[in-house]
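Hi,

Here is the structure I promised to pass on.

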Amino acid sequence: MSILKEKLAKKFAEEKADIAAFLKAHGDKEVSKVTLAQAYGGLRGVKGLVCDTSEVPPDKGLIIRGIELKYLTEKIPEEILWLLLTGELPNEAELEELQADLKARENVPAYVWAVLDAMPADSHPMAMFNTAVLVMQKESKFAKRYAEGMPKPEYWDPTYEDMMDIIAKLPAIGAYVYRKRFGKGPRIESDKSMDWAGNYVHMLGLPDPNGEFSKLMRLYLTLHCDHEGGNVSAYTASTVSSALSDLYYALSAGLNGLAGPLHGLANQECLGWILETMKKFNGAPTEEELYKFAEETLASGKVVPGYGHAVLRITDPRFDAFLAFGKKYCSADPVFQTVERVFNVVPKVLSQVQKIKDPWPNVDAGSGGLLYHYGLTEFSYYTVLFSISRALGICAQGVVARAMGYPITRPKSLPTAAYKKLVGA
Ligand code: CMX
């Protein structure tokens with residue numbers, strides 16, 4: 001058994017006992033109230049989900065297992081996966097073993113390439129990526145063991161195996177989607193000597209003469225890894241997984257939610273918005289021009305992508321991390337300069353609109369300009385990058401949920417007439 005799996009077996013047993021005792025002592029205490037406005041408002045702010053991998057306080061942003069994101073920006077995604085699962089960062093030997101385990105699982109079944117090849121040439125990269133995850137469902141070790149009658153305390157074990165199998169394969173799948181969809185030439189074989197993110201850059205086939213693009217990708221794949229349990233992709237995946245659908249089904253479902261413009265697709269829309277301003281004003285626009293353009297966007301009934309958040313009420317620390325990277329490595333790039341200028345202007349514009357609760361940039365506001373700088377200019381692809389990273393958190397949450405034996409999700413809905421009766425309207 002790997003060091004990680006052994007650690008988890010011990011940790012999960014302790015945590016399960018702890019939660020059982022906690023619930024026995026406090027199970028009947030109230031943790032949240034729900035108003036009618038919240039019931040009709042996407043359940044914003046209602047506490048009723050459990051997620052131990054990460055939390056997002058509105059005034060701090062992402063905290064992974066108790067560590068604020070700003071202390072993790074130098075870590076690589078494999079370390080983050082270990083942290084999400086165990087609550088600790090791995091030592092050198094542990095990290096090496098995890099990386100070797102991922103390498104051993106990275107071969108993608110040939111039928112995945114055939115399925116991607118058969119998709120229409122103008123398919124969205126997210127449809128291709130999510131299809132590839134789903135079509136591998138027949139490889140699920142959880143599904144096989146479940147069909148054989150595996151007892152419930154063992155559920156987490158094959159879920160862990162599915163997680164590792166999936167995560168190991170995502171960089172090759174993501175890279176092929178890029179090369180196939182955008183006519184970049186044949187598939188590039190994996191380089192077994194590289195780390196997970198570095199190998200992904202290698203398989204994408206974009207030039208990276210000084211290693212900066214690989215640095216950006218390690219940061220990118222770290223920053224997007226998890227964002228507690230209630231966002232659309234995580235919540236969808238956890239609901240699907242709660243029906244004991246395996247991680248292939250659950251992850252694919254969650255990522256279909258990430259493909260929405262109010263969630264992960266904002267990533268692509270955001271750069272589109274920046275480039276639109278540059279086209280309109282023939283180069284990097286001034287702050288005055290951007291102010292007007294943002295006002296026009298609002299007036300036309302559209303959202304300014306990359307700004308606002310359902311939970312956050314500050315500048316997203318993930319945006320801060322991208323901004324710091326850009327200032328260090330590409331401060332002269334006009335697209336990056338526009339990203340910076342937009343940051344100076346858009347919060348002022350959005351603050352004027354009373355209904356907007358968070359005028360600050362979220363993660364998507366900063367990443368596109370950097371990807372563009374390094375030659376990844378096909379912005380409909382950007383949500384695939386987000387997906388590869390977010391798979392770490394979604395899968396880790398799935399393993400924890402099966403280890404804790406959480407039941408099938410089933411909140412209660414009522415028709416409007418019943419709510420009217422309930423509140424005496
Ligand atoms: N531009 C214009 N209007 C915005 C806005 C923005 N950036 N952010 C919020 N609003 C509007 C909402 O559309 C909503 O309007 P309606 O009541 O007319 O529908 C109103 O302000 C209130 O919204 P809110 O309570 O402040 O925010 P929500 O929790 O409803 O929505 C979010 C959050 C992210 C969907 C929203 O801020 C938004 O659409 N932002 C732009 C898209 C984006 O960047 N999404 C990525 C988020 C990160 C991620 O999940 O990946």
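What covers the buried residues of H4? The cover includes helix H1 (3–26), H3, helix H8 (156–181) and helix H9 (196–204). Before I go on, some housekeeping: this is a predicted model, where local features need pLDDT of at least 70 and side-chain atom pairs count only at pLDDT 80 or more, while totals for chains, interfaces and linings use all residues. Residues are numbered from 1 along each chain as its sequence is written, and side-chain values use heavy atoms, with hydrogens and water left out. Helices here are DSSP runs (H or I, at least four residues), numbered from the N terminus.

Back to H4. The buried residues of H4 are Glu94, Leu95, Leu98, Asp101, Leu102 and Lys103. For the accessibility terms, buried means under 20% relative accessible area, exposed over 50%, and partly exposed in between (1.4 Å probe, protein chains only). H4 has 13 residues and spans 18 Å from first C-alpha to last, close to the 18 Å expected at 1.5 Å a residue; that expected span is 1.5 Å times one less than the number of residues.

Gly87 is partly exposed, at 30% relative accessibility. Leaving out neighbours within four places in sequence, Gly87 is in contact with Arg65 and Trp82, where contact means heavy atoms within 4.5 Å.

Another loop residue to look at is Ser123, between helix H5 (110–118) and helix H6 (125–135). Ser123 is buried, with a relative accessible area of 10%. The Ser123 side chain reaches the backbone oxygen of Pro120 at 2.7 Å. Beyond neighbours within four places in sequence, Ser123 contacts Met128 and Arg181.

Now for H14 (residues 287–299). Leu290, Phe293, Ala294 and Thr297 are buried in this helix. Seen down the axis of H14, the buried residues fall within an arc of 100°, so they line one face of the helix; the arc is that of the directions from the helix axis to the C-beta atoms. Glu288, Lys292 and Ala299 are exposed on the other side of H14. Helix H13 (266–280) and helix H16 (334–351) are among what covers the buried residues of H14. Just after H14, Gly301 takes a positive phi of about 85°.

Finally, the ligand. It is surrounded by 21 residues, the closest being His263, Gly306, Tyr307, Lys355 and Lys357; a residue counts if one of its heavy atoms lies within 4 Å. A polar backbone atom of Tyr307 is 2.7 Å from a nitrogen atom of the ligand. On the side-chain end, a polar atom of Lys357 lies 2.7 Å from a ligand oxygen, and a polar side-chain atom of Asp364 lies 3.4 Å from an oxygen atom of the ligand. The protein covers 76% of the 890 Å² of accessible area that the ligand has on its own (Shrake-Rupley method, 1.4 Å probe; for residues, only the protein chains shown count as cover).

Cheers

Key:
Helix = DSSP H or I, 4+ residues; strand = E, 2+ residues; numbered from the N terminus. Polar contact = N/O pair within 3.5 Å; in protein donor to acceptor, adjacent residues only side chain to side chain.
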